[in-house]
Structure formats: structure tokens, C-alpha cells
Amino acid sequence: MEDIGNLMQGFAVALTWQNLLFMLVGILLGVLIGVLPGLGGANGVAILLPLTFTMSPTSAIIMLSCIYWGALFGGAITSILFNIPGEPWSVATTFDGYPMAQQGRAGEAMTAAFTSSFVGAFIAVLVITFLAPLVARFALKFGPPEYFAVQFLTFCSFIGMSREPAAKTIASMMIGFALAAVGLDIVTGQLRMTFGHMQLLQGFDFLIAVIGLFGLGEILITMEEGLAFKGAKGKINLKVVLETWKKLPRFWMTSLRSCLIGCWMGITPGGATPASFMSYGMARRMSKDRDTFGKGNIEGVVAPETAAHAAGTSALLPMLTLGIPGSPTAAVLLGGLLIWGLQPGPLLFVEKKEFVWGLIASMYLGNIVGLLIVLTTVPWWAAILRIPFSIIAPVIVVICAIGAYTVHNNMFDVVMMVVFGIVGYFFKKLRYPLAPLVLALVLGDMAETAFRQSMLLSGGSVTVFWSNGLVGSIMGLALVLLCWPLVSAGLGAWRGRLRAAELAAESPRAGEP
Amino acid sequence: MDQEAQGGAAATRGGLSTRWVELIVALLICLGGAIVVFDSVRIGAKWASDGPESGYFPFLTGACLLLSGAWIAGAVLVRWKRLASSVFVEWTALKPVLEMLLPTIAFVVAIKLIGIYVASAIFIGAFMVWKGRYRWPLTVSVSLCVPVAMFLLFEVWFLVPLPKGPLENMLGY
Amino acid sequence: MDRNANRRAALAAALAVGVFAAQPAAHAAWEPTKPVEFVVPAGTGGGADQMARFVQGMVAKHNLMKQPLIVVNKSGGAGAEGFLEVKGARGDPHKIIITLSNLFTTPLATGVPFNWKDLTPVAMLALDEFVLWVNAESPYKTTADYVNALRAGNPGQYKMAGTGSKQEDQIITVALEKFVGKKMTYVPFKGGGDVAVQLVGKHVDSTVNNPIEAIAHWRSGALRPLCVFDSQPMPYPAKVTATMSWQDIPTCKSAGLDVEYVMLRGIFMASGVSQEQVDFYIDLFKKVRALPEWKKYTEDAAFNTTFMTGREYVDWVAKTENRHRELMQEAGFLAK
């Protein structure tokens, strides 16, 4: 067990009091960055890069990766409190987290989110520790057809779950696809649906849509229902943490499944955002009480948070071994590695052993430290809901505006955010589901690009999606999931008829005295 | 919740009619679909020898959008009579919504003119006085502290430049 | 603020890194009075972004400027957003922009109304190299092997992966196709790292990755460099793999593939600024270039470290723009 020896050495590197201090600072900054939609993990990492030139590379990367953990933790907070996802991968957390907060269970939702994040990350670190060389090669098998298959799978695991009218669900999803198509087409470099407007060249970033639809839209609805947040009377002491912990072991199956989805999506690398959606969709399908999903089911918080963190953590593996960053934050971290003269790639694990294992050890420690820190802040965050609405509402609007502006540093996005807010208000009241819109906006572009890349490679033949075992089995699984509602409905009808027949057969007897 | 069920009680108080809102939104979706279809055909929406062209998927998207919009509109028209009493939003409830929305729009316009920090201070302060009826000391302290904290956080600490106006220019930023 | 104290600090910093020549003149030269925005017309994590952030870090670490340098990514519309921002900031000396090839390709391909002539050229910081890579397990040992295979194959049989569409990688591919006389299938990806991994995974036949994007896979023995698209071999003799250094990669022209291409990493400012203000930034970048960290950075990324300012730089940019226009016209990439 050479790995364990290496890891222990790594702990020795990471466990100096200096490095622990850097971890603490990193986590706190990361949480702050995750909470404010205007600051992405990329900002924090980028800004601190210059400061870290005076440290040893190991200490610096420990601190920077702790910002990354902190941001992952923090993203859930605004999703739960205000329905504003601070980071893309927290969108799925709003589906059940925000209803929980409205019911006065914000503390419970946050505890569940943080704990699940920790579990997801921890499992992912275990995977990195023991399977790194093995799984690193796996990502190489992924060409465009495989990427498309993964995105298709995400779709299929998510759709077929809407309670809203079918036509509205389709319309909502199509709006998402249409918005995703606006701007420069990456495959041909053509401009789509820009109609000569410069501002539309950059397309619609999904964070702007989400901040408008969810954040501002929610404020407008709250205004209509009276000037107050629901759920202001939530408990705000630390006991809620222990009480929630008592409930969580029940969801071990969801956790495990979400970890698997997350690790797999992180390594391949599909990314944390699709992972969280896929995991939410799967949890809902497999759950016994699927009708409470979207109305404040704690399982609906556990699933996406676990998967997002597992994916976010395991995404560091392809970054370190292959040099492909899974997110903008990871991209900046990667830039940092290069500036310190550390060459990410297959040889990093051989040549810079001390650094790699120090980093992996810091992932263990960083997550434990992170969990402890964020859990102690739960009551403070929950207390924000007690601030009167007429103070907090304009502050949220300001934060939404900053969040929208900083996506591209562009005023036009702020205007679009307000437009999306109005759309969100109408859609929510007319029962157009927003989740399909957001999912389509996130995945539409990626899926289309992967599909067309595959077509270029195969010379226009769709058989490429069944050309090898890997892509074929992912596509197969996706189709099974796509047809599952039909199959289960069919099964249900068949059972129903059987039951009816049985009843019919039994009824004469039932009629007997 | 079902709006048709609420409709009966709300109708007496008056408001924006659900059926009209439904219909207009559905028609707007159709319009959006038509625009997408139109632009996709312009850039080429066929399946070329090397796979789909740029407009292929947007064309399908637009077509689906058009159809689903028409479907929704049709469904509304079918139930037109039954929806007569349903109210989308009562006038009394629309007022607070506009009271939030219009200042927000004014705020966004103000960002362009005077920068986000001054605009935020005015926006937060005005809203607190208007809707919350807070006393001046609290209002002033909140509406000054938030922009100052933002300024320190974004401009000074994280070096993220946000839109600035004449005041910041005067102060040398 | 005490200018003298500041100049003393700058002097001390400059002394510490051994730059004497680049000292400001004794009279009070112009210097920034507020934070300087360093616009990157591309997303976070790319080559231009990395260079900008490296410069930001060095300016902060060695205290080369009194005001902070702030990196701002404006990647919208293939970088058009960033260029238009600087174009619109006429006379503003607190905004500089780092360019990549999209300085030329974006206006040509999209028709967005800007041109480098709308900006004030400051300095060429470096040139990024492009190398023709194939998978190490492929049978192509030399450029000639690959060119012959291309000529013998069917049109579109060989697949080239690259970053983006109608941008530098595809332009090189077009030039290569023109020379060889056979079409290739160009498959665009989002980032250079993805492109390299696609080649390692054998999903495509070749790439024209920058050295930094492919070095890790070269060193691990997964990729093989065939030639560099520059007029001279890269001047870095240190061994990268057991047997080869950057210097050992022949130029494509000498290897029988007459295609040359380098990418500008240059600095521009808004129009309407004074020569004094331009000189400040030229001076600043001279200081950055003299740092030992810069030397290490450029060596790791195997940059061509040509430095140009003034007339020479303007001529180079004008010539390069014409070249892009010609190549893009032939490929049918120009906006209609």
C-alpha cells in the first residue's frame, strides 16, 4: 500500500500550523464567494493568485483549493434562503431547499446540504486517493459521442417528472434550448439569432437567467403575497444540526447513488452541474414519496448537493492528470499550477509526489475544517430571514444586479436579468415549470456541440452513438430512462387492469354476506 | 394550487384576467418560435453531408416552440368560457408587485447613469422609507453601509470593477 | 501621495530584479492615478488569461506600479466585447488589453465593427507558437510521413482538432490543406486542453496545439511533435523529454510543409492617449520581461519572446492582419 504511505506523508506536509491557517482563510473566503452571486470561485482564486507567489506551491495550492471547497459549500446558502443559486451547480438545490426554508426549515435544509456536500466530497477524495491512476486513463476514452451520450443521459434522467401541463413543460424546455442557441455557434462560427445586435453575440448565460427567473421572480411573487418572507420563524440554534443528522442516515441509498453519479461525472468529466441535475432526477424517480419532491423534501437537497460536491472534487483528477479543467475555477487553478512551474499531466504524480499528496491530504482536512465552519454558521444564515423584507428585498435586488453584471462585466446582462425576472413571475403564476428551461439552457449548447462534433468525426452517421461498448451502454441506459415513465405507466395500467379483473372476480364473493 | 378554483372568490374583487394573460403568453411563445424558425432557415437548417447545419437544431426548437404555444393557446380558447371568472392577479395584489418592479427598473437605469454604488444607496434608502417606514438613522446607516461594504469587497478587496459614476470618478476611482 | 517615495520604492524594486535600463527619466513621468483594468478578450483559464494574470501577479509581487492592475475577462462574442470596450474608452489611459488572434479573426469573421487601428498599439509581449502534433502511437514519425499520408488519403479522411471555429487553429488547418492539396475534417473544441486530450485518446489524427497545451502529454510519451509553424526553431535547448528539447523540433518549412503562423500576445490601449502614457506601459512591460519569473514562464510555455514597440510593432500588426484576411478569404470565413 504505497498510496497510504504517500498519503501519510501528505498529511505531514499539510498538517503544519501555517497550512491549517491557510486552509481556514481559504474556506472562509470560499464561503463568502459562494454566497455572493457576483463573486465566482474564479474571482477568488484569481485574485489570491498574486498573493500566493510568496508561499511555497504546496501551501498556495492548499489555500486556493480550500477556496474552491468553500465556494462549493457556500453555493447552497443563497439557494436555500432566497432561491438564488450562487453557483450553477446549486440550481437543483433550490428545488427543494427553498420550499424547506419557506416552511421554516432553513436550518435543516442547510445542515442537510452541508453534510451531503461533505459526504460527496469525502467519497470523491477516497476515489482520487486509491483509484487515481486507474480512472485517469478512463477520461481518455471520452470523445464527442461519449460526451453527447452523457448529456443525453442527464436529460433523460430528468425529464418525465414534471407535474405541470405537458405543453407548458415542452414550451419551457424549448425556450431554454432556443436561448442556449443564441450567439456564436462554436462549431461553424456562425452567428445565430443575433439579428445584428452586438449585445446578443455573447448569448444568454445561464446564471443571468437563473438569477432573474428564480431570484427576482421570487421577490416579485413575495411582494404580491404580502411584504414578508415565509419561514421567518425557523429555529435558529445549533440543535437543528443534531436533529437533522438523526434524519440523514435514512437517505444512505440516495447518498451512495449520488456519490456514484457525481464521481463518474467528475472524472469523465461531465461537470458538477449536470451531475446535480441527474442526481436530483434519479433521486426523485427512485423515491417512494416522489410527489413531495419540489415541495420541500429533504432528499431533494441531499441528492444534488452530494453529487455536485462529488463531481466538483473528482473533477480535480482529470485536471491534475490530463490538464482539462472542469470549471472556470478549476481553469484558474490550473493556470496557477503552470505559473508555479507545476506541469499538470500524467507525470505530475511521479515527479511532484510531495505536492500531489499534500494536495490530496489537504482535500481531506479542508473538507473536515470546511464542514465544521459552515455548520457553526447555520444559525447566522437562518437569522437573515428575520430581517424585515423591506430592508432585505432591495439588498437582494442589488446583489442580483451585481451577480448579473459580473458574469460578462456587462450592463446588458443586468437588463436581461430584470426581463427574466418578469418572465419568471408570469411563468411561475401560469404554472410553466422553470426547471426544464434552466436544464435546457445549461445543457443545450454543450449537447448540441457534442452532437455536431460527433457528426463531423463520423461523417454524418448517427451510428457513431452505438459504435463502441461505452457510448452504446450510456445511450442504452438513457433510452431506458427516457422510456421508463411509459413503461412504468404501462406496468401500472396492466397491474391496474389485473387488479380490476381480480376485483371483478372477487366481487361476487364480496357481495355474499 | 388551481387558479380556476380560486377564481370564483377573486372575481368579485377584480383583476387581470387569467385567460387573457394565458393567451398572450402563449401567443408570445408562438412569436418567439416563429422568430427562431425564421432565423434558422436563414443560416441553413438542413442535414448536410457532414451532419446538421447551424440552424438544424434551432429550427426544430423553434418548431416545437411554435406548436406548444399553439397548443397552449388552443387549450385556453377551448376553456375560454370556463376561465371567465379566473383572475391572474388582483389589482390590489398587482400594486405591490409594480411597486417592486418599477423601482427595480429605475435602479437599473440609474446604475448606468450614476454607478451601482450610489444607485444602490438611493434604492435601498428609498425603499426602506417608502415601504418600511423606518426612521432616518436606520435607513441612512443601512443604505450607506451596504454600498460601502460592497465597494470594499468588490473594488478594493477582490478587484472586481463594477459600474461607477461621477462620484467615484471624483474620488479618484 | 508622495511621488518621490513611490519612485524610490519602484527603484528599489527595479534594482532588486536588476533592471537599470528601464528606469523612468528623472522628471515626473505620467503614471496611473487609479486602478488599471487589464482587459482579457477571452474566458478565464485560456492562454491570454493566464498571461494577463501572470503579469498581474508579477506587478503586485515586485511592486512595479503604484495602482493595482485588475484583470477583467470580457469574452462575449469571441472577444468582441472586450475590444469594443477599449475602443469605446477613447482617451482613457487606465485600460489596457491583451490580444490573441481574435484581434483579427473576430471582426473579419463576424463583421463586428472594430479594427486594431481603433486602438493604440503599445507593445508585443510575446508570440505564441503552434506545433503540429500526432499521437505517439501513430505511424507518422516525421512531417513528411504525415503530409504524404494526407496526400494519399481521401478528402476529409484525416481529422484535425482545434480550438474554436474560424480562429487560429482552423486558419492553420486551412493553410495546411492549401499546401497539401487535400481537405481535412476540422473538429472544433472549446479549449486547448480538451483538444490535446482528444488526440491522446485517438479520437482525432492531429492537432496544432500550443506548446503549453500539449507539453504534459509529450513528456508522458503520448504525443509526438512533428514541426513548429514558425520561421525558426524554438530557442529552448533544455531537454523536455529524455531525448528531445523544444529546440529539436524542426520548423515546418524546413520539414517540407511551407506554413508559418504565430499568434500575437500583444498589448493595446484605447485611442487618443498621449505618448507619455503609452511609454509608461512600455516601460512597465519591459520591467516585467526582465524578471527571472518571466524567463521561466516563457521557457515553460516555449513562447517566442520577440519584443516590439512603436513603428515596428504597428507594421507587424498590419502585415499580420493582411495575412489573416487573405487566408480567411480563401477559406470563405469572411463575414458576408
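This is a predicted model: local features need pLDDT of at least 70, side-chain atom pairs count only at pLDDT 80 or more; totals for chains, interfaces and linings use all residues.
So, a disulfide here is a pair of cysteine sulfur atoms within 2.5 Å.

Where is it? Cys227(C) is joined to Cys252(C), with the sulfurs 2.1 Å apart. The two ends come from distant parts of the chain: Cys227(C) is in strand β9 of chain C, residues 223–228, and Cys252(C) is in the loop between β9 and β10, 25 residues apart. The torsion about the S-S bond of this pair is about 80°, so we call the disulfide right-handed. As for accessibility, Cys227(C) is buried at 0%, and Cys252(C) is also buried, with a relative accessible area of 0%.

Now, some cysteines in chain A. Cys66(A) is in no disulfide, and the nearest cysteine sulfur, in Cys263(A), is 19 Å away. Cys66(A) is buried too, at 0% relative accessible area.

OK, on to how the chains meet. Let me start with B and A. Here 63 residues of chain B are in contact with 65 residues of chain A. The area buried between them is about 5,400 Å², and carbon and sulfur atoms give 81% of that. On the chain B side, Ser54(B), Phe88(B) and Phe158(B) lose the most area to chain A, but together they make up 12% of what that side buries.

What about charges across that interface? The rule finds 1 salt bridge between chain B and chain A, and that's Glu22(B) with Lys168(A), 2.8 Å from N to O. There are also 8 residue pairs in polar contact across the interface of B and A, with both residues at pLDDT 80 or more. Several elements of chain B give two or more residues to this side, among them α2, α3 and α5. Which one gives the most? That's α4(B), with 12 residues. By class, the side of chain B that touches chain A has 47 nonpolar, 9 polar and 7 charged residues.

Next, B and C. This contact takes 5 residues from chain B and 9 from chain C. About 490 Å² is buried between the two chains, with carbon and sulfur atoms giving 70%. On the chain B side, Leu159(B), Pro161(B) and Tyr173(B) lose the most area to chain C, and together they are 79% of what that side buries. How many salt bridges cross from B to C? The rule finds 0, and 0 residue pairs in polar contact as well, again with both at pLDDT 80 or more. The chain B residues touching chain C divide into 3 nonpolar, 2 polar and no charged.

Over all chains, the search finds 28. One of them is in chain A: Glu448(A) with Arg452(A), closest N and O atoms 2.8 Å apart. Those two are 4 residues apart in helix α20 of chain A, so about one helical turn separates them. Both Glu448(A) and Arg452(A) are buried. They also belong to a network of salt bridges that links Asp185(A), Arg192(A), Glu448(A) and Arg452(A).

In chain B, the side chains of Asp39(B) and Arg42(B) meet in a salt bridge at 3.1 Å, N to O. They sit 3 residues apart in helix α2 of chain B, about one helical turn. Buried or exposed? Asp39(B) is buried, at 2% relative accessible area, whereas Arg42(B) is exposed, at 53%.

And in chain C, Glu321(C) pairs with Lys117(C) at 3.9 Å, N to O. Glu321(C) is in helix α11 and Lys117(C) is in the loop between α4 and β4, so the pair ties together parts that are 204 residues apart in sequence. Here Glu321(C) is buried, with a relative accessible area of 6%, and Lys117(C) counts as exposed at 57%.

That's it from me.

Conventions:
Residues are numbered from 1 along each chain as its sequence is written. Chains are lettered from A and ligands numbered from 1 in the order in which they are written. Side-chain values use heavy atoms; hydrogens and water are left out. Contact means heavy atoms within 4.5 Å. Buried area is the accessible area (1.4 Å probe) that two parts lose on being put together, summed over both. A salt bridge is a side-chain nitrogen of Lys or Arg within 4 Å of a carboxyl oxygen of Asp or Glu. A polar contact is a pair of N or O atoms within 3.5 Å; within protein, one must be able to donate a hydrogen and the other to accept it, and residues adjacent in sequence count only if both atoms are side-chain atoms. Ala, Val, Leu, Ile, Met, Phe, Trp, Tyr, Cys and Pro count as nonpolar, Asp, Glu, Lys and Arg as charged, and the others, Gly among them, as polar. Buried means under 20% relative accessible area, exposed over 50%, partly exposed in between (1.4 Å probe, protein chains only).
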